[in-house]
Amino acid sequence: MEYLSYIGITLFVIGFIWFYVLAFAQSILWGIGCVLFFPVCLVFLVLHWQRTCMPAIAMFSGVGFIVAATAAGVGMK
């Protein structure tokens, strides 16, 4: 089930980079704020939902794949 982990990590990283590219494209201050303070990311996500929904979905899907891979591999050795 390790392929689920790889898919999840890839999705999360793509969404993460995409989100920060959008933050820096909006304004250098948004980008720096998102890098330095996580709550600024949440504010940016809510205020610019039309632009940031796809990166957020990619990140959440990545986390879902990682959780599924972890749950599937709990009893395996």
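Is Phe 16 buried, partly exposed or exposed? At 37% relative accessibility, Phe 16 counts as partly exposed, where buried means under 20% relative accessible area, exposed over 50% and partly exposed in between, for a 1.4 Å probe and protein chains only. The structure is a predicted model, in which local features need pLDDT of at least 70 and side-chain atom pairs count only at pLDDT 80 or more, while totals for chains, interfaces and linings use all residues. Residues are numbered from 1 along each chain as its sequence is written, and side-chain values use heavy atoms, with hydrogens and water left out.

A pair of aromatic rings is described by the distance of the centres and the angle of the planes. Rings of Phe, Tyr and Trp (its six-membered ring) pair if their centres lie within 6.5 Å, and planes under 30 degrees apart count as stacked, over 60 as edge-to-face and the rest as tilted. The whole structure holds five aromatic pairs. One of them joins Phe 12 and Phe 16, which are stacked at 6.0 Å centre to centre with 25 degrees between the planes.

Phe 19 and Phe 44 have ring centres 5.6 Å apart and planes at 85 degrees, so this pair is edge-to-face. Because Phe 19 lies in helix 1 and Phe 44 in helix 3, the pair ties together parts that are 25 residues apart in sequence. Both Phe 19 and Phe 44 are buried. Ring pairs link Phe 12, Phe 16, Phe 19, Tyr 20, Trp 30 and Phe 44 into a cluster.

Trp 30 and Phe 44 also take part in the meeting of helix 2 with helix 3, where Trp 30, Gly 33, Cys 34 and Leu 36 contact Phe 38, Val 40, Cys 41, Val 43, Phe 44 and Leu 47, contact meaning heavy atoms within 4.5 Å.

His 48 sits in the loop between helix 3 and helix 4 (49-72) and, at 17% relative accessibility, counts as buried. Leaving aside neighbours within four places in sequence, His 48 is in contact with Gln 26 and Trp 30.

Definitions and conventions. Helix = DSSP H or I, 4+ residues; strand = E, 2+ residues; numbered from the N terminus.
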